[in-house]
Amino acid sequence: MAGYLNKVSLIGNLGADPEIRRTQDGRPIANIRLATAEHWRDKTSGERRERTEWHSVVIFNEQLCKIAEQYLEKGAKIYIEGQLATRKWQDQSGQDRWSTEIVLQGFDAKLIMLNKKDGSGYRQGGNGPGDYGIDGDRAAGSSSSPNRSSQTSGGNFSRDLDDDIPF
């Protein structure tokens, strides 16, 4: 295979409301902090363990900035696709520092909101495929697409699994 690939896909929750700033010519730039978590059960003690990783995300795509500004808030669950970028900067004491961020820019950047909006804000959790941006009927297999099976799902899939799933 010839070529390179720099692509990051994450599902997580916002740790704070997006920070929006504007360039001198008025274009928006959004900064968000995204938390991803890993859950497992300790084999020796049987206790449930969790490790949270924080990611810095910078959005340069103007349309995605508008969505972030209007609809995202602390705690919202989102899916993003972007690229890793490392930048060098100097702190107040003049020391060189490096930051690795996930950058969403260009036509191939994605930001998908995974929570349903209710009257008072984003509803956490949910009961089915509709909570993940998928139409419930299509997720169950009743689409009119010729490539889809005509069988329907046998209920809530998450109840059938005994594993600890990180999201």
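Two strands count as paired if DSSP finds at least two bridges between them. Strands (E, at least two residues) and helices (H or I, at least four) are DSSP runs, numbered from the N terminus. This is a predicted model, in which local features need pLDDT of at least 70, side-chain atom pairs count only at pLDDT 80 or more, and totals for chains, interfaces and linings use all residues. Residues are numbered from 1 along each chain as its sequence is written, and side-chain values use heavy atoms, with hydrogens and water left out.

**View 1. Strands 3 and 4 run antiparallel.** Strand 3 (residues 28-41) meets strand 4 (residues 48-59) through 12 bridges. N31 sits opposite V58 of strand 4. The hairpin has 6 residues between the two strands, and G46 there adopts a positive phi near 80 degrees.

**View 2. Strands 4 and 6 pair in the parallel sense.** They share 3 bridges. I59 faces L104 of strand 6 across the pairing.

**View 3. E101 is buried in strand 6.** The strand spans residues 96-104. E101 counts as buried because its relative accessibility is 12% (buried, under 20%; exposed, over 50%; partly exposed in between; 1.4 Å probe, protein chains only). Its side chain makes a polar contact of 3.2 Å with that of R87 (N or O atoms within 3.5 Å, one able to donate a hydrogen and the other to accept it; residues adjacent in sequence count only if both atoms are side-chain atoms). Beyond four places in sequence, E101 is in contact (heavy atoms within 4.5 Å) with S56, V58, Q83, L84, A85 and R87.

**View 4. Confidence runs from strand 1 down to helix 2.** Mean pLDDT (the predictor's confidence in each residue, from 0 to 100) is highest in strand 1 (residues 8-14), at 97, and lowest in helix 2 (residues 136-139), at 32. Residues 122-161 have pLDDT below 50.
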